[in-house]
Amino acid sequence: MYFLKRTLFLLPLLLVISFLAFALVRAVPGGPFDRERKPASPEIERNLRAKYHLDQPLWQQYLRYLGGLLHGDFGPSLKYRNHSVGDIIAQGLPVSIALGTAAFCFALGAGIPLGFYTAARRGRWGSYAGSLLAVLAICVPSMVVGPILIMLLAIKLRWFPVALWGSPWHLVLPTLTLGLYFAGRIARLLHAGMLTTLHAEFITTARAKGLGETAVLLKHALPIAVLPVLSYSGPMLADLLTGSFIVENLFQIPGIGVFMVNSSLDRDYTMVVGLVLLYAALLLVLNLLVDFACAALDPRVKYE
Amino acid sequence: MHPWLRTLGSIPGAAVCLWLLAACSVAEPKADLVVINGPDPQTVDPALATGIEDLRVINGLFEGLTRYDPVTARPIPGLAERWEISRDGRVYTFHLRDKLIWSPGQPITAGDLVYSWLRVLDPRTAAEYAGQLYYVTNAQSFNNGRLKDPSLVGVHALDSRTVRVELNSPTAFFLDLCAFQTLAVVPRQVIEKQGDQWMRASPLPTSGPYLLDGWRLNYKIRLRKNPYYWDAANTRLDLIDFLSVSAPNTALNLYDTGQADVIWDLTNIPNELVDELKKRPDYHAFPYLGAYFFRFNTTQKPFDDSRVRRALALGLDKKRLVTQFLHAGERPADHLVPDGTAHYTPAAGLGYDPDQARHLLAQAGFPGGKGFPRFHYLFEGSGGGGRIHEQLGVEMQHAWEEQLGIHMELAQMEKKVFLAAQNHLDYDLSRSSWIGDYNDPNTFLELFRSDNGNNRTGWKNARYDSLMSQANLQTDPARRAALLQQAETILVREELPIVPIYFYAGFTYFNPARIQGIFPNILDVHPPNAIWKVERREAEGGATSAVHH
């Protein structure tokens, strides 16, 4: 029942978000056609604005936009005048999804074992080393990690290409650059989750019953300790799927991350609203799925 | 096994699947030439294009009546093989070549040219560079919407191979304009069917040496040799890729690992490495038709007084500024029209004279800088991770503080906010640059006419306007150049609504032992069909000599 209500709320929520984005991006000073060189006559500017209906009142422009949305048309891009917003997203989103999913898998695949290890070996030097690694992964920004990886693995060792996209080899360095931070976060989250869980009563009970430490850790503590990681995964996945500006810029990957930043700087109104809607929809849906998963997995959690 | 472990184990499994999936991308043939073009082209529609990165690609796709000579960038016959100009310089009659075709059975006609130009002028196209055609009679009225009948615009097809153009006044650079991207010939048959999305048509007929083989935004544009181009025999490379690379370090990495053959534009190499890269034979810098300057807001006190403006110009040692920060081949500028502009000797500017500067400032009522209000220098972020605008601003601030005793604040803004402020004359001093559209002083000097939208200084000078108008009515090139020089003298010696700082350097980066056909011309245009690779030639030469032995 609760989840049904949440699902129904999605649509009105997206509508409000679309209107806010629509209005805010037009309120910012500077327009999509402001350039260092102005057109030769004010009429040219007038023609431009008329073509994209920018001379109409805001509510009219918004209604026109909504009408387009109903047909699945996000409007033409104001910067890439031969492309529509839908085209650009269709070109770039699969690439960002591929990269984001790879980074997601890497983050979980490296972060969960690391966090588990540092919690299981707490107090020993192995745990401290592991924690240090995790913290380093969080603190060193991708702007630094990326060039270092390129320098070592692509230029010196020539194992991978320096940039661009197209083969599995092109996927490795961007995945590492993008996923390292999240791997560190997940490791720390799981570490904290494990330590908290290990103090719970049902763990004491399991130990009292005579269960081996491995069984206690893996079968009883881990499924509960991993729940914060699960909650974090939702927004993390939404973030990863819509592309990272830094990584896509550095490796020149044709995803939509670059557009998310550049569209605001270029005042490409339609592109901004389209991307905001995409990101919002992803975030809302993923959060919903995560909450659903949490409720299903943790018998203690009940939503009304 | 615990269900959790199974779930965890599926993650590396998913990763491997993804990896393999990514491998399923279709392998495409390697290009003959890979060029790092710089920022992503926004469009390759000649009527809509504005940036130089757009032009570089369009240069290969669509041609106009004239085209650029790869060596000198002067206009040479393109789709038109010859032309006649009337005595008064107002009427041009162009004769198109024989047997021009879009594709077999579809000739390129004079009607196509007229259609292309009228499309640029049509208000519904909303072409930003429609102004390039305003020299044609009735063009501006048609673009403004005041004239509804396009057949009254001064461009007509006399027959399928003859075009007659009527101009408002003699225009010395009109043939240069005909080579400019906006005036290129586009396929009417496709546009009329597909409207705004016509570039997605497949096949897409083009009037230039190449076809559009693929266009991936923020990544790559692929050009394939057009077999129906009139000069296809001289197009040496079959496949050319233009890469859009935004990070200069990535561009250099791609070049050094052999994934790119050419880089052009200085913004595409890391500024900090210029001194190092200059030592390599790949580095080519040359004079360019671009100027870096700053504007005064002449509607604001005390910058309404030309003595103040002259004082600030005289107090700036531009040679020092350039040698300190700009090592790529830029030159200090005392006048606005870059050196090397065709058929023109630039005016002499003011130079560096701090004593005279102090004297003028005192005359204007601010002896030793006393009483001079604090003022701001507006600029936007310097692209490509550099800080050149800021660095030059700091130097200017320091120089004037020391020499004149006046205090300037720096105000960096986001690009669009900066442009809005400049447009509304909401500044004291603001940074500017201008790249010429064609090789003639007019492209710079017309900016400061009283009615020009790119003036943005509030400066209005009737004598300047009259000199410019007179110059552009002149058919005698020597007399015209003299008049333009007089106008420029007012601009850079007497009135100074702007202060020029330096001239840009054109830049190409390629290995001349492997690649030829890229020449250092002042417009920095490099028609793709002139470029060729040396190794191919060597292979051919080797094979022939083997046969002869």
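A crossing of two helices is called left-handed if the near helix is turned anticlockwise from the far one by less than a right angle, and right-handed if clockwise. The model is a predicted one, in which local features need pLDDT of at least 70, side-chain atom pairs count only at pLDDT 80 or more, and totals for chains, interfaces and linings use all residues. Residues are numbered from 1 along each chain as its sequence is written, and chains are lettered from A and ligands numbered from 1 in the order in which they are written.

Select residues 257-265 of chain A, which form helix α12, together with residues 269-297, which form helix α13; helices here are DSSP runs (H or I, at least four residues), numbered from the N terminus. α12(A) passes α13(A) in a left-handed crossing. Where do the two helices meet? F259(A), M260(A), S263(A) and S264(A) of α12(A) meet M271(A), V272(A) and L275(A) of α13(A), contact being C-beta atoms, placed from the backbone, within 7 Å.

Next, show both chains: the contact between them takes 51 residues from chain B and 53 residues from chain A. On the side of chain B that touches chain A, select α1 (3-23), one of the helices supplying at least two residues; α1(B) gives the most, with ten residues.

Finally, colour chain B by pLDDT, the predictor's confidence in each residue, from 0 to 100. Chain B averages 90, and 92% of the residues score at least 70, whereas over residues 537-549 of chain B the pLDDT stays under 50. Where pLDDT is low, the predicted coordinates should not be read in detail.

Terms used:
Axes are lines fitted to C-alpha atoms, for helices over the stretch in contact, and angles run from 0 to 180 degrees between N-to-C directions.
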